[in-house]
Amino acid sequence: MSTTSDAAPDGGSGTDSGRRGDSRTAIRTAAERLFAERGYAATSVRDIAAAAAVDPALVIRHFTGKEPLFLATMQLDLELEAVLDGPVESLGPRLIAYLLDADEHTRGVFLALLRASDTDDVGTRLREVHDAGFVEPLRRRLTGPDRDLRASLAGALVGGLLYALWVVGDERLLATDHADLARHYGRVLQDLITPT
């Protein structure tokens, strides 16, 4: 249950601020889990409040609504720097192997963003994640006058694989050893990274 001090919008005492921080953290944690498990449409503010053990009004007070809370919690941080720092000549297979080893949280966030992409702000966030998290870091490693196009095509190629695995659930791909997928699909990606 929410207390009056939880709901106070001002700074309040240290104890009240601590409780507000605790409730905010509980809401974020619950929202992150539920959005990743159920998706945007199937998760309500009441569901999040119940999982966080707070009043639904407190969710609104902290985050102003479901969509801002979704955007605040559904962060897809791929942390590609370590993969991108290696030799460019073998970058394609390394990138695919890295993405295939993504954890359930990454998969859940990707799917939640994808399924909610028809919402304006979520669609914008998905494009930002795609561009800033994958295309731009890759583009910086490429050379040649068409590197912008090749980086965007590489993003589309990788997105297609994740779609086939995580959305469509292609049984043949799911049953294939990750090393084999990384080798074959990575070769196709490598042709965009270092064209002959």
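## Terms and ground rules

Buried means under 20% relative accessible area, exposed means over 50%, and partly exposed lies in between (1.4 Å probe, protein chains only). Arg-38, for instance, counts as partly exposed at 42% relative accessibility.

This is a predicted model, in which local features need pLDDT of at least 70 and side-chain atom pairs count only at pLDDT 80 or more, while totals for chains, interfaces and linings use all residues. Residues are numbered from 1 along each chain as its sequence is written, and side-chain values use heavy atoms, leaving out hydrogens and water.

## Where two helices cross

Two packed helices are described by the angle between their axes and the distance between the axes. Helices here are DSSP runs (H or I, at least four residues), numbered from the N terminus. Axes are lines fitted to C-alpha atoms, for helices over the stretch in contact, and angles run from 0 to 180 degrees between N-to-C directions. The axes of H7 (residues 91–100) and H12 (residues 178–193) come within 6 Å and cross at roughly 135°. That makes H7 oblique to H12; angles under 35 degrees count as roughly parallel, over 145 as roughly antiparallel, 65 to 115 as roughly perpendicular and the rest as oblique.

Which residues make the contact (heavy atoms within 4.5 Å)? On H7 they include Leu-91, Pro-93 and Ile-96, and on H12 they include His-178, Tyr-185 and Arg-187. The residues of this contact divide into 11 nonpolar, 4 polar and 1 charged. Here Ala, Val, Leu, Ile, Met, Phe, Trp, Tyr, Cys and Pro count as nonpolar, Asp, Glu, Lys and Arg as charged, and the others, Gly among them, as polar.

His-184 also sits in H12 and is partly exposed, with a relative accessible area of 44%. His-184 and Ile-96 are 88 residues apart in sequence, yet 9.5 Å apart in space, C-alpha to C-alpha.

## Salt bridges

A salt bridge is a side-chain nitrogen of Lys or Arg within 4 Å of a carboxyl oxygen of Asp or Glu. By this rule the count comes to 9. In one of them, Glu-37 meets Arg-33 at 3.5 Å, N to O. These two are 4 residues apart in helix H2 (residues 14–38), so about one helical turn separates them. Glu-37 is exposed at 54%, whereas Arg-33 is partly exposed at 41%.

Arg-38 pairs with Asp-47 at 3.1 Å, N to O. Glu-136, Arg-139, Arg-140 and Asp-148 are linked in a network of salt bridges.

Note on methods: Contact = heavy atoms within 4.5 Å.
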